[in-house]
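Dear colleague,

Please find the structure we discussed below.

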Amino acid sequence: MSYQLKQPIGPFALTRTLAWLRLCAIAGQSAAVMICSWWMRIDIPALSLFLGIDLLAVFAVFAAWRISQPRPVREWETVCHVAADTVVLGYLLYFTGGASNPFITLLLVPVALSAAALSVRAVLSVAALAGAAYIVLLLWYVPLPPNELMGTDQGFSLHVAGMGVNFAVTALLLGFFINRLANAVRLQQLEVQRVRERALRDEGILAIATQAAGAAHELNTPLATMRTLLPELRREHADDVVLDEDLALLEGQVERCRTILREMVAFGKTQLSQEPERLTLQAFIHGFVERFKLLRPEAELELRVPAKLELLVLRSPPGLRHALINLLNNAADASAMRGSHKVALEVRQEGQWLEWIVLDQGPGFHASGAPASIGESGKQSGLGIGLALAEATAERLSGELIATNTDSGAEMRLRLPLPAIAE
C-alpha cells in the first residue's frame, strides 16, 4: 500500500503563514510611510499609500476568516492570496520609485514561500506574477522625490540604506517563515509514516483474524467428534480410575475450546453489528476478570477500583474486553518470569479520560535510556500480537496505550476518552 503527499497541509500552512506575514507587512509599511513622510520629510503620496495599506488590511481580515473555516484551503486559493499581496506590494512600489526602490526584492518572498509548500505549476504561476509586476514597475512608476532633510553632499545614500534594511527584512522573513513551513512539512511526513505503519499493522491483524475465523470453522467439527467420543470412552473404561480422570480432564478441555469458539463467533457478530454493550463499570470488570481467571487460574489479581466509578455506565465497544484480557495475560506472563503470580489492575478517572492501568512484577521493558516502547518487553513466549491488538483498540477509540517501567516491573496504561466509552 502506497501513500503520497496530497498536500492537505501545504496550501493551508502557506495561507496561514501569509496571514501572519501580511500583518507584519501592514505594520512595517505603515511605519515606513510615516517615517519617510513625517520624519525624513520626503514628499511621497502618503494618502495613496495608506489607501493601498488599508486595502491590504481589509484583505487580511478576509484571509483570517477564510483560514478559520472548516473547508480545506485549495491550492488555487493560496495562489490568489499571493496574487493579492503581490498586487498591493506592486501598487505601493509604483508610488515609491518602482523597480528603483530597494524593496523591490520583496517580490521574491512569495515565490520562495510558495516553493516550500505548493506544486511546481503553482510556483511557476507565482513566479510569473512576480516577474510581470517587476517588468511593469520597470516601465511605469512615480519617481521618488529628493530628500529635503539630508542632502547628497553629506554622503548619505538613501538607496543604500534602504538596501540594507531590505536585506535584513528579507533574511528575517525567509528564515522564520520558511522554517515554519518546513516544520509543517516534517509533521505531515511523520503523520503519513504513522498512518502507513498503522495500515500495515491493521493488515496483519486482519490477516490473523481471517485465519482465526477459518481455524474456528475447521476446529468445530473435530471438537464435536471428540465431545461425542470422550463420554463413550469414559463409560468403556469406568473401572480404570486414572484413565477416567485423564478423560474427564480432556472432556473439560474440549468444552473449554468449544466455549472459546462460541465466544469468538459472538465477538465477531458484535463487531459486525457495532453495537456496544451497556453495563456498569463494576459488571464490565467482573465479566472480563472472570474470563481472565479461567484462562490464568494461577494468577493473583489485585483490583483497585474507586467506589465512585463502579456505577459508571459504559458503552463497552467490541474489542475493549479482549484488549484488557490481553494486557492482563501479558502481565501474568511477565510476572511469571520472576517467579511471581501477582498482577494488578487499577482503574482511575483523570478529567475526561478513563485509565486502565495494568501492573506486573516482571523484568520490565529493555532499558535503553529512552521511554519504553510497546513490543520491547523481555517476554519471550506468546504470539506477539496481544499488545498490537490492544494498541489497535486504543487507537480505534481515540485513546492511547502507554508503556513505562516501574520499580517493581512494567506498567501498561490504556487511556480512553470518557465520551467514547461512557454514557
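Glu245 is exposed, with a relative accessible area of 52%. This is a predicted model, and in it Glu245 belongs to helix α7, which covers residues 241–273. Together with Asp239, Asp240 and Asp246, Glu245 forms a negative surface patch.

The structure contains 15 salt bridges. One of them joins the side chains of Asp333 and Arg296 at 2.7 Å, N to O. Asp333 sits in helix α9 (residues 320–336) and Arg296 in the loop between α8 (281–295) and β2 (300–304), so this pair ties together parts that are 37 residues apart in sequence. Both of these residues are buried, Arg296 having a relative accessible area of 13%. Arg296 also meets Glu298 in a salt bridge of 2.9 Å, N to O; Glu298 is partly exposed, at 36%.

A further salt bridge links the side chains of Glu355 and Arg415 (2.8 Å, N to O). Because Glu355 lies in strand β5 (residues 353–360) and Arg415 in strand β7 (residues 410–417), the pair ties together parts that are 60 residues apart in sequence. Glu355 and Arg415 are buried, and they belong to a network of salt bridges that includes Glu400, Glu411 and Arg413.

As to the cysteines, the structure holds zero disulfides. Cys80 is partly exposed at 42% relative accessibility, and Cys257 is partly exposed at 35%.

Finally, Ser398 has a positive phi of about 65°, although it is not a glycine. Ser398 is found in the loop between α10 (386–396) and β6 (400–405) and is exposed, with a relative accessible area of 54%.

With kind regards

Key. Residues are numbered from 1 along each chain as its sequence is written. This is a predicted model: local features need pLDDT of at least 70, side-chain atom pairs count only at pLDDT 80 or more; totals for chains, interfaces and linings use all residues. Side-chain values use heavy atoms; hydrogens and water are left out. A disulfide is a pair of cysteine sulfur atoms within 2.5 Å. Buried means under 20% relative accessible area, exposed over 50%, partly exposed in between (1.4 Å probe, protein chains only). Patches are made of residues with over 30% relative accessible area and no salt bridge: like charges are joined within 9 Å, nonpolar side chains (Val, Leu, Ile, Met, Phe, Trp, Tyr) within 5 Å. Accessible areas come from the Shrake-Rupley method with a 1.4 Å probe; for residues, only the protein chains shown count as cover. A salt bridge is a side-chain nitrogen of Lys or Arg within 4 Å of a carboxyl oxygen of Asp or Glu. Lys and Arg count as positive and Asp and Glu as negative; His and the chain ends are not counted. The place of a charge is taken as NZ of Lys, CZ of Arg, CG of Asp or CD of Glu. Helices (H or I, at least four residues) and strands (E, at least two) are DSSP runs, numbered from the N terminus.
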